[in-house]
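Grab a pencil and work through a few exercises on a protein structure. Try each task yourself before you read the solution.

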Amino acid sequence: MNQIPAVDLRLREFMDANEGWGREAGRLTFQRLMSFVEQHPGALVFRVSLAGVRRVDISFASETIVQLARRYRGGKGFCFVDLIDIDQRENFEAAAQRAKQPLLLWNRQGKPEVLGVEPSQGIADALKFALIKPKARAAEYANSSENVSLTNASTKFKQLWEQGFLLRCEAAAPSGGVEYVYFSAK
Amino acid sequence: MTEAAVRLLSLLNQLDHATRRVIIDFEHNEDVLGYLNRIGFFEVLSPNVSVLPKRPTAAKVRHYRGRNPNLVEIQRIDRNHRDGDLPKRLTEAIGHACENRPDVVELEGAAWTILAELIDNVFAHSQTQLDGFAALQVYPNGNCLKVAVSDSGLGLLKTLRPALQNQAPKLAALRDIELLVEVFKQGLSRHGADRGCGLKGCADKAIKFGAELDVRLPQERVLLVSGNAGYTPNRAFCYSGLPLIWGTHLCFTFKLD
């Protein structure tokens, strides 16, 4: 897979109003979002835009994008592409923190920021490595550092995938077998 | 005064709901009667409650309603007819009142979240047929504004404690004041560890803007003053053994500049 299949998701199109208020409205929006995601079975990444969304409270944030990311953790990834409003950012962060669900945010400079969960010290470096590359293999990470063995690199990437920081897919290994290729929601 | 009015209103409606005969006498307090009338108190007071010397008519209130930017008259929080604009209206009043603050835009965002969460909690958790209420008033001379949200449910801790017995027995053993601080600090919910971020988020935002939080529970009242470490038990003023008023009654006080 050369190109990661990604789909744009405009949250406002799934909301009844430009303000996302409360759990009930969040659950209703979540159902619509889930149906949208299911309509794109091939997509691995959903690029969430908040254009047209004036406000969201923490409960709404928790029931929508955070819940979606949690539900599809490991299989599909969700990232924010234009989350610039301070209050909305705080609310998505608070909701993600509570759900222990990391969410990626790409800032205006195209740099990634992780909302909600900080990776533990042991895997932070591996995440940093993976985030600057379109795709990362354990062998590449092991080669990049003297202190990281191939097994160690594989374990770290697997942890990042399990904890929802990264996605992965199978690919042919140069040796002829099958290996995992890791990538972020972008 | 705003929060006192909203709490009094909840109490009177609760007594009426409990089939008590209620008379409220303003014979020598006509000023208070006038103020309560202006903020829409009698429009939402149960019609069974007798008001002395005479229950004011609603015409005057309707005439002035919404005309004073320093006041958002008492708003009904009716779970059967959700008013989707309520947090917005209250937030606009806050923005107008605090327009001299350099951080007014951020404050508006935070205030909307706080109000949205608190009002949504009334819909979701208060477990009562009685309406909740919200009101806001600006006090230019006191350099502050107060926004009060009140419901007539069982009260925050009453619904939380039974769930904590299983989820977190150590927290369940805390005194009310300590537990209340933890509700706002950690975000505790009877629905488990995944929930409770709403009240914590409200408190975090209120702390950021130096707001005081006044919480009246059925028989206690706690005033939380934010310090460097946010809301802490040693900066909380607690009153216990108070007359019974069911529900959770919250009031945030923001400085105007």
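Predicted model: local features only at pLDDT ≥ 70, side-chain atom pairs only at ≥ 80, totals over all residues.

**Exercise 1. Work out which strands stand at the edges of the five-stranded open sheet in chain A.**

Step 1: Start with the strand order, which reads S1-S3-S5-S6-S7 in chain A, with mixed pairing.
Step 2: Look at the two ends of that order. Strand S1 (6-10) and strand S7 (112-115) of chain A each have a single partner strand, so one side of each is left without a neighbour in the sheet.
Step 3: Now zoom in on one pair. Strand S3 (residues 45-49) and strand S5 (residues 77-80) of chain A run in the parallel sense and share four bridges. Here you'll find A:Arg47 opposite A:Cys79 of S5(A).

**Exercise 2. Find which residues touch the most other members of the largest nonpolar core.**

Step 1: This core holds 113 residues, and the two to pick out are A:Leu103 and B:Ile94.
Step 2: Ask which element gives the most to the core. That's helix H6 (residues 104-125) of chain B, with 10 residues.
Step 3: Skip its neighbours within four places in sequence, and its contacts include A:Val66, A:Phe78, A:Phe80, A:Phe92 and A:Leu115.

**Exercise 3. Decide how compact chain B is for its length.**

Step 1: Compare the radius of gyration, 18 Å, with the 18 Å that the globule rule gives for 257 residues. The two values are close, so chain B is as compact as a globular protein of that length.
Step 2: The C-alpha trace of chain B spans about 50 × 50 × 35 Å along its principal axes.
Step 3: Check the inside, too: 42% of the 257 residues of chain B count as buried.

**Exercise 4. Describe the seven-stranded open sheet of chain B and what lies across it.**

Step 1: Write down the order, S3-S4-S5-S9-S6-S7-S8, with antiparallel pairing.
Step 2: Spot the edges. Strand S3 (71-77) and strand S8 (236-239) of chain B have a single partner strand each, so one side of each lacks a neighbour in the sheet.
Step 3: Pick a pair. S3(B) and strand S4 (residues 132-139) of chain B run antiparallel, joined by five bridges, and B:Leu71 has B:Gln137 as its bridge partner in S4(B).
Step 4: Finish with helix H9 (residues 176-185) of chain B, which lies across strands S6, S7 and S8 of chain B and runs at about 135° to S8(B).

Key
Residues numbered from 1 in each chain as written. Chains lettered and ligands numbered in written order. Pairing = 2+ DSSP bridges. Helix = DSSP H or I, 4+ residues; strand = E, 2+ residues; numbered from the N terminus. Core = buried A, V, L, I, M, F, W, Y, C linked by C-beta atoms within 7 Å. Buried ≥ 20, exposed ≤ 12 C-beta atoms within 10 Å, placed from the backbone. Contact = placed C-beta atoms within 7 Å. Rg over C-alpha atoms; globule rule 2.2 N^0.38 Å. Axes fitted to C-alpha atoms, helices over the stretch in contact; angles between N-to-C directions.
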